[in-house]
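Dear colleague,

I am handing over a structure that you have not worked with before.

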Amino acid sequence: MNYTVSTREATVAADELISRYRDVERFKQYCLQCPGYGKSWSCPPFDFDPRTCSDGYKSVRLMGTIIEFDNETRIACKTTEEAISVGRQAMENVWKTLLPQLYEMERNEPGSRCFTFRCVLCPEGCTRPQGKPCRHPEQMRHSLESVGFDIEAMARDLLGITLEWSADGSLAKHITLVTALFSR
Ligand code: SF4
């Protein structure tokens, strides 16, 4: 598997991001159709109003981490299962580096909070399906989409990235992880 990783970012006022790109009710409907709905503590439904996640923040550093696969890797994926597996493996590899970087950004800016990706901190799986509490609530972070942000529109308008989805089961040319740091 061969891929390159690049990053684009933009800093925007939190108020602007919220007014233009957050629609909690609309994205709740998409979450309801996801097979992972209610299976991770980082995903809806929440026992709090997701709008409160952005309370008190002034600016947002929005980041798009682009994983771009070479042609050989894409052609080598002969089935949908292989494409899913390669895409997932690449995301996990990149995530291992990206998540510590996001935590580091938080540490460097007291009061800030990062928004990441559906939580995959526990290799043994999330405790939520067993009705047990989160093992690492201090480390768990929410994704932007889980709290109602339109990552497709933000990536397009603010980062110049078109999120790619593979409709025919082949491996997409690129996968983008959209993350953010909210600062006070
Ligand atoms: S830290 Fe573990 S238990 Fe908590 S949300 Fe993440 S996967 Fe689930």
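Predicted model: local features only at pLDDT ≥ 70, side-chain atom pairs only at ≥ 80, totals over all residues.

Residues are numbered from 1 along each chain as its sequence is written, and side-chain values use heavy atoms, with hydrogens and water left out.

Four strands make up an open sheet with antiparallel pairing, in the order β1-β2-β4-β3; strands (E, at least two residues) and helices (H or I, at least four) are DSSP runs numbered from the N terminus, and two strands pair if DSSP finds at least two bridges between them. The edge strands, each pairing on one side only, are β1 (3-13) and β3 (113-115), and from one strand to the next the twist averages 20°.

Strand β4 (residues 174-183) is joined to strand β2 (residues 59-69) by 10 bridges, and within β4 the partner of V60 is F182, while that of I66 is T176. Three bridges join β3 to β4, where R113 has F182 as its bridge partner.

In β4, 10 of its 10 residues are buried, meaning under 20% relative accessible area with a 1.4 Å probe, protein chains only (exposed is over 50%, partly exposed in between). Both faces are covered, with H174, T176, V178, A180 and F182 on one side and I175, L177, T179, L181 and S183 on the other. In a regular strand, side chains alternate between the two faces of the sheet.

Finally, helix α1 (residues 14-21) lies across β1, β2 and β4, at about 105° to β1; axes are lines fitted to C-alpha atoms, for helices over the stretch in contact (heavy atoms within 4.5 Å), and angles run from 0 to 180 degrees between N-to-C directions.

Best regards
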